[in-house]
Amino acid sequence: MTAEPAEPLRWFGRRHGRPLRPGRARLIEAVLPALTLDLLAAGRLDPASLFAGRDVWLEIGFGAGEHLAAQAKANPDIGFIGCEPFVNGVASLLAAVERDGLANLRLFTDDARLLLPLLPEASIARVFVLFSDPWPKARHWKRRFIQIPVLDELARVMRDGAEFRFASDHKGYVNWTLEHALGHPAFSWMAEGPKDWRERPADAIATRYETKALRQAVSCVYLRFTRQARPGPSRSP
Ligand SMILES: C[S@@+](CC[C@H](N)C(=O)[O-])C[C@H]1O[C@@H](n2cnc3c(N)ncnc32)[C@H](O)[C@@H]1O
């Protein structure tokens with residue numbers, strides 16, 4: 001396997017928004033360095049060693065980080081990796097880290113597609129992709145985060161029985177994700193009835209984009225998949 005992706009990855013999102021207020025700029029300068037995973041220099045990462053063998057959950061595209069911070073606070077025995085290239089969002093999360101004294105969290109401030117190949121097989125116990133950019137126009141669908149190669153990478157890094165949560169207020173992206181994940185041999189949909197995709201999981205809080213959608217009376221869909229058990233070693237007769 002080559003470490004180089006076949007094509008250079010293109011990033012279509014924003015990395016910067018409005019200039020940071022001095023308090024937020026200070027967080028980026030003073031708090032972020034100790035939390036940053038400099039994977040591109042290390043070339044590989046063992047998440048379990050970062051968190052003394054605890055389970056590790058990964059949130060991709062955490063935005064302003066409300067959900068990530070709430071999960072990290074509610075689950076001090078879990079190690080969290082948050083991935084978000086938008087610096088203003090990272091600064092918001094850092095404010096929560098400082099306010100709540102969160103010590104079980106590390107950040108990768110770049111494209112998650114660069115992070116995934118550096119994680120070992122079966123090293124992640126839960127993945128969140130919440131209100132990922134839907135790229136509604138057909139000519140932009142290839143920009144959607146959920147793609148077969150990304151699901152392949154998620155399947156590789158997730159351990160057997162790990163959960164993958166995806167939520168969106170965009171019906172087209174929900175159907176796209178369902179179609180791709182159901183067509184993937186590693187994932188099975190956990191839903192048993194409509195409640196399971198119409199209601200946010202009880203242990204989660206609303207994200208900023210979710211709150212915005214709900215305020216506009218746009219309904220949201222919550223998909224939960226499990227990573228199927230890997231086939232066992234073949235036994236000789
Ligand atoms: C629509 S926002 C949603 C933010 C947040 N999850 C929420 O629900 O409020 C999508 C976020 O995903 C981030 N994002 C998009 N592609 C990404 C990628 N490949 N790796 C990491 N983050 C990504 C964007 O920077 C953006 O902040």
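## Strand E4

Buried means under 20% relative accessible area, exposed means over 50%, and partly exposed lies in between, with a 1.4 Å probe and protein chains only. Strands (E, at least two residues) and helices (H or I, at least four) are DSSP runs numbered from the N terminus. The model is predicted: local features need pLDDT of at least 70, side-chain atom pairs count only at pLDDT 80 or more, and totals for chains, interfaces and linings use all residues. Residues are numbered from 1 along each chain as its sequence is written, and side-chain values use heavy atoms, with hydrogens and water left out.

E4 and strand E5 (residues 158-168) pair in the parallel sense over 6 bridges. Two strands pair if DSSP finds at least two bridges between them. The bridge partner of Leu-130 in E5 is Ala-167. From E4 the chain crosses through helix H8 (residues 148-157) to E5, in a right-handed β-α-β crossover. Right-handed means that, with the strands pointing away from the viewer, the path from the first strand over the helix to the second runs clockwise.

## Strand E1

E1 (residues 56-60) is also described as largely enclosed by the rest of the structure, because 5 of its 5 residues are buried. In a regular strand, side chains alternate between the two faces of the sheet. In E1, Val-56, Leu-58 and Ile-60 point one way. Trp-57 and Glu-59 point the other way.

E1 pairs with E4 (residues 124-130) in the parallel sense, over 4 bridges. Leu-58 has Val-127 of E4 as its bridge partner, and Ile-60 stands opposite Val-129. E1 also pairs with strand E2 (residues 79-83), again in the parallel sense, over 5 bridges. Here Val-56 stands opposite Gly-79. The chain passes from E1 through helix H5 (residues 66-74) to E2, and this β-α-β crossover is right-handed.

Glu-59 lies in strand E1. Its relative accessibility is 2%, so Glu-59 counts as buried. Glu-59 and Arg-126 are 67 residues apart in sequence, yet 8.4 Å apart in space, C-alpha to C-alpha.

Arg-126 lies over the face of Trp-57, at 4.2 Å from the ring centre. A charge sits over a ring if NZ of Lys or CZ of Arg is within 6 Å of the ring centre and within 35 degrees of the ring normal. Elsewhere, Lys-212 lies over the face of Tyr-209, at 4.6 Å from the ring centre.

## Aromatic pairs

The structure holds 7 aromatic pairs. Rings of Phe, Tyr and Trp (its six-membered ring) pair if their centres lie within 6.5 Å; planes under 30 degrees apart count as stacked, over 60 as edge-to-face and the rest as tilted. Phe-166 and Tyr-173 form an edge-to-face pair, 5.1 Å centre to centre with 85° between the planes. Phe-166 is buried, at 1% relative accessibility. Tyr-173 is buried too, at 0%.

Ring pairs also link Trp-57, Phe-80 and Phe-128 into a cluster.

## Ligand surroundings

There are 16 residues around the ligand. Of these, Gly-61, Glu-84, Asp-111, Leu-130 and Thr-207 come nearest. A residue is near a molecule or strand if one of its heavy atoms lies within 4 Å of it.

A nitrogen atom of the ligand is 2.8 Å from a polar backbone atom of Gly-61. For Glu-84, an N or O atom of the side chain is 2.6 Å from an oxygen atom of the ligand. A polar contact is a pair of N or O atoms within 3.5 Å; within protein, one must be able to donate a hydrogen and the other to accept it, and residues adjacent in sequence count only if both atoms are side-chain atoms.

## Loop residues

His-184 is found in the loop between helix H9 (171-182) and strand E6 (187-189). His-184 is buried, with a relative accessible area of 10%. Its side chain makes a polar contact with the side chain of Asp-152, at 2.7 Å.

Ala-52 lies in the loop between helix H4 (47-50) and E1. Its phi is near 50°, a positive value in a residue other than glycine. Ala-52 is exposed, with a relative accessible area of 69%. Ala-122 sits in the loop between helix H7 (112-115) and E4. Ala-122 has a positive phi of about 55° although it is not a glycine. At a relative accessible area of 33%, Ala-122 is partly exposed.
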